[in-house]
Amino acid sequence: MIDLRSDTVTKPSEGMRKAMAAAEVGDDCYQEDPTTNRLQSMVAEMLGKEAALFMASGTMSNQVALKTHTQPGDEVIAEYDAHIYNIEVGAAAALSGVNVRQVKTPDSILRAEHILPILRPMDKVHGIRQVLICVENTHNRASGAVYPVEVEAELAELAHGRGMATHLDGARLFNACVATGTCPVDHARHFDSISICLSKGLGAPVGSVLVGSTDFIKEAAKVRRMFGGGMRQVGILAAAGIYALENNIKRMQEDHDNARRFAVALAEIPGINLDASKIQTNIVIFGVRGTGLSAAQFVSILREQGVLMNPIEGDRIRAVTHLDVDRKAIDEAIAVIRGVAADGTRLQAARA
Ligand code: TLP
């Protein structure tokens with residue numbers, strides 16, 4: 001099977017498994033796990049922040065951040081397709097009682113100009129408190145689009161000028177850095193909290209890290225505990241994260257090259273709708289309506305032919321490249337898609 005459903009499907013390499021087996025551990029609820037402490041210091045330093053906290057998942061990390069930044073009833077501003085609102089099982093409402101204001105933008109990148117018209121007066125009795133702006137870099141549902149540092153700076157200036165905080169869902173922040181030659185600090189300096197994922201393109205089996213000021217992380221540690229995320233000898237998993245950060249960042253360029261190669265080939269297939277020039281990182285989203293097949297039909301035929309992908313809303317399909325799929329596998333996947341699309345369009349023509 002060529003598995004392009006997500007970069008979350010990667011399996012720990014031999015080197016990573018060795019690092020996990022050799023990890024020194026202790027009880028992390030007493031902050032006595034040396035490997036977890038090392039990972040946390042390492043990520044805090046990479047992002048230029050005071051402190052960090054290991055989390056079981058990106059969802060936990062985002063939702064702990066939301067709860068730490070807000071009070072029930074507050075408003076949080078995010079781009080229309082943001083993961084933190086759309087793909088986290090309604091957790092923002094269920095766990096923090098916050099309202100998420102979804103802002104639609106022409107290119108899925110949230111800018112200050114989109115937020116200015118929806119700012120509320122700060123001193124009204126009945127007004128909802130706007131407390132947080134969330135950014136997702138790279139943006140999953142926008143085909144892995146990268147937020148430019150200047151846009152992040154402009155959002156931070158707007159938020160901080162009004163006493164609001166900023167949160168970065170940086171599940172794929174390292175993809176953004178590799179694609180643009182920027183450093184994590186360049187992005188992180190504009191955010192009060194940042195969540196990064198170790199279990200996506202970095203290839204660790206589990207884990208995310210939430211980063212911020214010492215006070216923020218102290219509070220976040222209590223919320224993590226409340227959400228059931230206090231862990232014990234978790235150094236076994238933190239060791240995988242350290243290995244991933246030390247070995248798997250630079251190589252992400254290969255995933256980006258593969259995604260671009262894949263997108264350029266798909267864009268030439270009749271019936272497939274895709275602008276390959278928009279692909280910046282490791283996510284490719286394409287439409288298949290022109291083949292006469294629905295996204296669900298298309299992926300089910302692909303599965304029969306050994307290629308896995310996920311259908312998403314609106315007859316679109318998402319493919320994600322990662323460290324367990326090489327260039328040869330990408331070329332095989334392209335050939336299979338070409339065949340499925342040709343069968344679909346032939347059938348469509350025969351019916352017409
Ligand atoms: N994304 C997953 C699934 O949820 C769809 C994927 O396959 O892409 N932020 C962003 C931007 C994400 O893409 C994800 C996971 C998360 C947060 C949540 O991470 P986990 O799955 O570790 O809770």
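Thr-36 lies in helix H2, which spans residues 34-46; helices here are DSSP runs of H or I with at least four residues, strands are runs of E with at least two, and both are numbered from the N terminus. The structure is a predicted model, in which local features need pLDDT of at least 70 and side-chain atom pairs count only at pLDDT 80 or more, while totals for chains, interfaces and linings use all residues. Residues are numbered from 1 along each chain as its sequence is written, and side-chain values use heavy atoms, with hydrogens and water left out.

With a relative accessible area of 0%, Thr-36 is buried, a term that denotes under 20% relative accessible area, as against exposed for over 50% and partly exposed in between (1.4 Å probe, protein chains only). When neighbours within four places in sequence are set aside, Thr-36 is in contact (heavy atoms within 4.5 Å) with Asp-28, Phe-54, Val-234, Gly-235 and Ala-238. The C-alpha atoms of Thr-36 and Gly-241 are separated by 9.2 Å, although the two residues are 205 residues apart along the chain.

Strand S7, formed by residues 193-197, is mostly covered, with 5 of its 5 residues buried. In a regular strand the side chains alternate between the two faces of the sheet. In S7 both faces are covered, with Ser-193, Ser-195 and Cys-197 buried on one side and Ile-194 and Ile-196 buried on the other.

Strand S7 pairs with strand S6 (residues 165-170) in the parallel sense over 4 bridges, pairing being assigned if DSSP finds at least two bridges between two strands; within this arrangement, Leu-168 stands opposite Ile-194. Strand S8 (residues 208-212) runs antiparallel to S7 and is joined to S7 by 5 bridges, with Gly-212 of S8 standing opposite Ser-193.
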